[in-house]
Amino acid sequence: MTSFKSHFLYDRRKRSGIIFLIAIVLVVIIFTIWYTPEKEYVISQQEKEVIHAFQSQIDSLKRVELVKRVPKIFPFNPNYITDYKGYTLGMTVEEIDRLHHFRKNGKWINSIADFKKITKVPDSILNKISPYFKFPDWVTQPKKRKSKAKTLWKSYDEKGMLNKVSLEKLMAINGMDSLSAIRVIRHIQKIGGYQMDSQIYDVYGVHTNVKKKILNEYTVKEKPTIDYINVNTATASDLSTIPLVNFDLAKEIVDYRILHEGIRSLDELLKLDGMTTYKFDRIKLYLLVE
C-alpha cells in the first residue's frame with residue numbers, strides 16, 4: 001500500500017524561513033502604524049507677510065474686475081427703450097409692451113410721471129432708472145418769450161469769413177479778451193474749420209454773449225473739405241476722431257451697427273445711450289451712410 005505524504009509538511013529549515021518572513025512582515029506593519037513623520041515645514045513670519053501681500057493683490061484685482069463687469073447705465077431717452085434695454089433695466093415684458101404700444105400711436109413720454117403712468121413700473125425700478133432719463137431740450141428747457149428789444153444783425157454779405165478770421169480781428173470785437181480769442185482760433189484749427197455757425201458754441205471757456213458778437217461779424221462762407229466717415233464700415237478708432245465723440249460712444253455705435261446688421265439712417269444714432277440732439281447735430285456733419 002502506497003503511503004500518502006502531505007504537501008504541508010516542511011522540515012525545520014523551511015519552517016524557520018517562514019517564521020522569519022512573518023516576523024519581517026509584522027515589523028513592517030508595526031513600523032508603519034507607529035511611525036511619526038517628520039515635523040511639518042514651518043513658514044516664517046516674513047514669508048507669511050509676502051504671501052498675504054500677494055493674496056491681497058489678487059483679491060484687489062478680482063474686485064476691480066467685478067466692478068468692470070457691472071453694466072453701466074448712461075443717460076437715455078425713455079421714449080426709445082428697446083426690448084433688450086428694458087430687460088437690462090429690470091422692466092417686465094408687460095411694462096415694455098405698454099410703452100411700445102403707447103409710442104406706436106405717435107405719442108411721447110415727456111416726464112417721469114408719464115413714464116410711470118404708461119408703463120406701470122414699480123417705484124423700486126422707477127427710482128433706480130429715472131435719474132438717467134434724458135428728455136429733449138424742448139421738453140426740459142421750454143423756449144422763453146423773445147424780448148421785444150430788437151438786435152441789429154448784419155446781413156450775410158456784410159459779415160466776414162469765420163473760418164479765416166485772424167486773432168487781431170477777433171480782438172477788435174467789443175468785449176473780446178485775448179484768451180477767448182485764442183480759444184476760438186484753436187478750436188477752428190482743431191476741427192479743420194466750421195461747417196455751420198453754431199459750431200462756435202462748442203468752444204469751451206468763451207462766454208455765450210461773446211460768441212454771439214462773433215457771429216454778428218463773421219459767418220461760415222467757405223466750408224472745409226470733409227472726408228466723410230462711413231458709419232457702416234468705420235472702426236471705433238475712426239469714429240472717435242469726430243468732434244464730441246469719445247471712444248465709449250464710438251464703441252457703442254459699432255456695437256449697435258453689429259447688433260442691427262447695419263445702420264440705414266443716421267437718425268438711428270439718436271437711440272443710443274448718451275446721445276443728445278445737440279451732440280447728434282454735430283456728429284452727423286462728419287458721417288454718411290453707405
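Here are some friendly notes on this predicted model, to read with the structure open beside you.

1. Start with the whole chain. It is built from 13 helices and four strands. Of its 290 residues, 30% are buried. The accessible surface comes to about 21,700 Å², and carbon and sulfur atoms account for 58% of that surface.

2. Next, look at how the chain meets itself. Take the contacts between residues at least 6 apart in sequence: 56% of these join residues at least 24 apart.

3. Now find a pair of helices, α4 (residues 93-104) and α5 (residues 112-119). How do they pack? On the α4 side, the contact is made by Glu95, Arg98, Leu99 and Phe102; on the α5 side, by Phe115, Ile118 and Thr119. Sorted by class, this contact has four nonpolar residues, two charged residues and one polar residue.

4. Helix α10 covers residues 208-217. Which of its residues are buried? They are Val210, Lys211, Ile214, Leu215 and Asn216. These buried residues pack against three elements: helices α8 (167-171) and α9 (178-190), and strand β2 (218-219).

5. Lys85 deserves a look of its own. You will find Lys85 in helix α3, which spans residues 83-88. Is Lys85 buried or exposed? Its relative accessible area is 14%, and buried means under 20%, so Lys85 is buried. Setting aside neighbours within four places in sequence, Lys85 is in contact with Phe76 and Asp273.

6. Finally, turn to Asn230, in strand β3 (residues 229-230). Asn230 has a relative accessibility of 14% and therefore counts as buried. Which residues does Asn230 touch, if those up to four places away in sequence are not counted? The answer is Leu288, Val289 and Glu290.

How values were computed. Residues are numbered from 1 along each chain as its sequence is written. This is a predicted model: local features need pLDDT of at least 70, side-chain atom pairs count only at pLDDT 80 or more; totals for chains, interfaces and linings use all residues. Side-chain values use heavy atoms; hydrogens and water are left out. Contact means heavy atoms within 4.5 Å. Helices (H or I, at least four residues) and strands (E, at least two) are DSSP runs, numbered from the N terminus. Ala, Val, Leu, Ile, Met, Phe, Trp, Tyr, Cys and Pro count as nonpolar, Asp, Glu, Lys and Arg as charged, and the others, Gly among them, as polar. Buried means under 20% relative accessible area, exposed over 50%, partly exposed in between (1.4 Å probe, protein chains only). Accessible areas come from the Shrake-Rupley method with a 1.4 Å probe; for residues, only the protein chains shown count as cover.
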